[in-house]
Protein chains: 2
Amino acid sequence: MGNSRVTVREIARLAGVSVATVSRVSNGTGQVSEEMRRRVLEAIEKYGYRPDHLGRALAARRHGALGLVFPGLSGPYFTELIQGFESEAVPARASVHILCTHLREDSDDQVLEMARRVDGVAVVGGTISEPTLLRLAETVPVVVLAGRGLETVPAVSVDNAPAMTTLTRHLLVDHGLRDLVFVGNPDGSPDVSERWAGFQNAYHELDLAPPTEPLRLAMQQHDGVLAAERLLGGDGPAPQAVVCANDELALGVLVGALGRGLRVPEDLVITGFDDAPMAALVSPPLTTVRQPVRELAAEAARLILNAVDAPGVAPDGIVLPTEFVVRRSCGCPAGSPTGGTGK
Amino acid sequence: MGNSRVTVREIARLAGVSVATVSRVSNGTGQVSEEMRRRVLEAIEKYGYRPDHLGRALAARRHGALGLVFPGLSGPYFTELIQGFESEAVPARASVHILCTHLREDSDDQVLEMARRVDGVAVVGGTISEPTLLRLAETVPVVVLAGRGLETVPAVSVDNAPAMTTLTRHLLVDHGLRDLVFVGNPDGSPDVSERWAGFQNAYHELDLAPPTEPLRLAMQQHDGVLAAERLLGGDGPAPQAVVCANDELALGVLVGALGRGLRVPEDLVITGFDDAPMAALVSPPLTTVRQPVRELAAEAARLILNAVDAPGVAPDGIVLPTEFVVRRSCGCPAGSPTGGTGK
DNA sequence: TTGAAAGCGTTACCAG
DNA sequence: CTGGTAACGCTTTCAA
């Protein structure tokens, strides 16, 4: 029982039919007489036959698997991403392969190698080089997740720049702040790059001169604490507001600021991006931009799944809307209205 | 170029040799004359031949893949787990399949299905039923990650109970606290169950009566905030200390307590478990237990990899040591000594 | 409706 | 050293 060493051939012999018939029955394809079907089903049941995935995949020339590639695996953003991706893949009977490149030397090769084991791949923006992305796309359907696509590679992303412009304008106009610092490394990821551009754009729209440089740091809470040290460390005046590239950074800055005895938002305004679960829970709750991370990844999976079934047609990229979430860390009173940035 | 539609047979024809020779060259197995090797290599290079993974896997009767199964995918614990697992699998040229069951109805079937696509599986404790675990183990090598093993299934875990006893004793003896609350659901996972037992055990060792019930909650920061509401909400006296099943809960309780104007640790002592990155960064920094999560997962991957190569031998389980990390949230002054719980 | 046989792409055994 | 050929387990024509 349950031993999966049983093959079609054995079942065929046992049931006194051909392997073709066994295959037809076990797949529900073609026409099989009631009598045959019964005999086969019986044998399948009795010996616990389950078709071997490799044999099947080889014959179908399809792996029944999707790949997901990202740089690291830090924070709630990536866990959401994985779960969103999985939520589409699993019902489609595709298993999910993951690969964290950690930006290793040989990561491009590893991605290429993964492509040989799956039917399609989603790559988080900024993870691999453009030439590699192109080569990848020659092998399997590819979509860029949270990044810019290429001619042959569609992308799913959110409206980062407009969202960040909205948030920054809120600080500049509604709160009359001027001395803002942007925390995040635009070179690290397309998301951050677009947010930094949106941040600067808010100044431009008001004929103000934006800061010329962001505070370049990675995206974890740890880095936020570091940012607080740099910004509030003593030498030089502290900024009026810290605009963070994501919530984790913001949470780190918040912890650092609070730990120094500063009051937020009275002494320092802090904003995030993502609307991670903790953003609403801390005190003061974080003003941020909500982005549909799960949906983003689900959309990517859907795109790939479709491309696998209908090869040749390169679908358009997709941009998902975000929502500006005003809470108290920007200086607004509790219970302020929130507004989306639109589609 | 780069087109992976090229097969051994074509290369063989193109190079004027047999498929066997091509195979030998591309795998570096057997003896091949310099002349042949050169010809084959040339053709391989010219047509960008890469052996097909499925064909190879079918012939070798090995997938070159490992599976990792867990309930959800919340928080830093699971991201560490994945990365630790990957750090062993990737160098061994095995890809990593993941599956979040979300405790779905059909998750047992999904796990069984996954087992048909990989060479071995690591299952996080408490994710699937024991019968399913047993059936799984009939199919492929399995190891339980952070949980109890079975006769045929080894487990890798940490010394949860002694560690939690040490921490609790510290509160009871060194700080003279008596009214502690344990937050976490022992039914949810073996880890929590053991920690709850260790918590109670500290009381027993001192001939004290432990609380009979924990505050049963899930393991995310959100739940910690919930715990703070319940515990500090007004009706009934607040406890002296909240002993959390993990750091995320503790962080949530901390946020909730601070938000209510309580001072930590003066008004309320809070402890965690895991030593997540944030534990050291918040204010006050969290007293907790450090567990080697990455190492745990890496060990699991190694165990499986070995079992794949040497089938039949059921290896022993492994228990990794933890380290008690005393910081300020328990009431100790800054810079207190820390101590391990030993092997 | 059924079965024989030809793949799918690779590896490995066995002669030569 | 080299090549022919038989697996590996399955699906799918193509005839009967």
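In this predicted model, the surface near DNA strand D draws on helices from both protein chains. Chain A contributes α1 (8-15), α2 (19-27) and α4 (53-60), while chain B contributes α2 (19-27) and α4 (53-60), each with at least two residues. There are 27 residues around DNA strand D, and those that come nearest are A:V8, A:D52, B:S33, B:M36 and B:R61. Of the atoms of DNA strand D that come within 4 Å of the protein, 64% belong to sugar and phosphate. Sorted by class, the residues of this surface are 13 nonpolar, eight polar and six charged.

Some individual contacts can be followed from here. The side chain of A:S23 has a polar atom 2.9 Å from a phosphate oxygen of DNA strand D. The side chain of B:Q31 also has an N or O atom by a phosphate oxygen of DNA strand D, at 3.2 Å. B:R24, in contrast, places a side-chain N or O atom 2.8 Å from a base nitrogen of DNA strand D.

Now turn to the other strand. The surface near DNA strand C has at least two residues from each of α2 and α4 of chain A, and from each of α1 (8-15), α2 and α4 of chain B. Sugar and phosphate make up 67% of the atoms of DNA strand C that come within 4 Å of the protein. The classes are 12 nonpolar, eight polar and seven charged residues.

On DNA strand C, a base nitrogen is 2.9 Å from an N or O atom in the side chain of A:R24. A polar backbone atom of B:G55 is 3.3 Å from a base nitrogen of DNA strand C. B:N27 has a polar side-chain atom 2.8 Å from a phosphate oxygen of DNA strand C.

Where do these helices sit within the chain? For chain A, an unreviewed UniProt entry places the feature "domain: HTH lacI-type" at residues 6-60. That stretch is 71% helix and 0% strand, with its end C-alpha atoms 20 Å apart. Chain A as a whole is divided into domain 1 (8-51), domain 2 (59-157 + 293-321) and domain 3 (160-292 + 324-340). The C-alpha centres of domain 1 and domain 2 of chain A are 37 Å apart.

Finally, the two protein chains meet each other. Their contact takes 46 residues from chain A and 46 residues from chain B. About 4,100 Å² is buried between chain A and chain B, 57% of it on carbon and sulfur atoms. A:L54, A:R116 and A:R117 supply 17% of the area that chain A buries against chain B, more than any other three residues.

Note on methods
Residues numbered from 1 in each chain as written. Chains lettered and ligands numbered in written order. Predicted model: local features only at pLDDT ≥ 70, side-chain atom pairs only at ≥ 80, totals over all residues. Heavy atoms only, no water. Near = heavy atom within 4 Å. Polar contact = N/O pair within 3.5 Å; in protein donor to acceptor, adjacent residues only side chain to side chain. Helix = DSSP H or I, 4+ residues; strand = E, 2+ residues; numbered from the N terminus. Nonpolar A, V, L, I, M, F, W, Y, C, P; charged D, E, K, R; others polar. Domains from an automatic or database assignment. UniProt positions renumbered as here; feature names shortened; annotations may be inferred. Contact = heavy atoms within 4.5 Å. Buried area = accessible area lost by both parts, 1.4 Å probe.
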